[in-house]
Amino acid sequence: MEEKPKVSKAQQKATNKYISKAYDRINLTVPKGKKETIQAHADKQRESVNGFINKAIDEKMERDLKE
């Protein structure tokens, strides 16, 4: 199993500060078991769950605008 690099508390605080200024957060609730399905699919596509969900939203909005 691959070990994640350790991040200092100061680095994590700086990262969280940047994220809070640069991004909005959305709390997503899915039925039990679906999180694992989404994670597995995102892993197969070699992307993060966040990236996968953002791409799915963008694609859906683009399709809706074409209708």
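Reader: Of the 67 residues of the chain, what percentage count as buried?

Author: Buried means under 20% relative accessible area, exposed over 50%, and partly exposed in between, with a 1.4 Å probe and protein chains only; here 3% of the 67 residues count as buried. Keep in mind that this is a predicted model, in which local features need pLDDT of at least 70 and side-chain atom pairs count only at pLDDT 80 or more, while totals for chains, interfaces and linings use all residues. Residues are numbered from 1 along each chain as its sequence is written, and side-chain values use heavy atoms, with hydrogens and water left out.

Reader: How is a pair of aromatic rings described?

Author: A pair of aromatic rings is described by the distance of the centres and the angle of the planes. Rings of Phe, Tyr and Trp (its six-membered ring) pair if their centres lie within 6.5 Å, and planes under 30 degrees apart count as stacked, over 60 as edge-to-face and the rest as tilted. The structure holds one aromatic pair: the ring centres of tyrosine 18 and tyrosine 23 are 6.2 Å apart and their planes stand at 80 degrees, so the pair is edge-to-face.

Reader: Does tyrosine 18 count as buried or exposed?

Author: Tyrosine 18 counts as exposed, because its relative accessibility is 52%.
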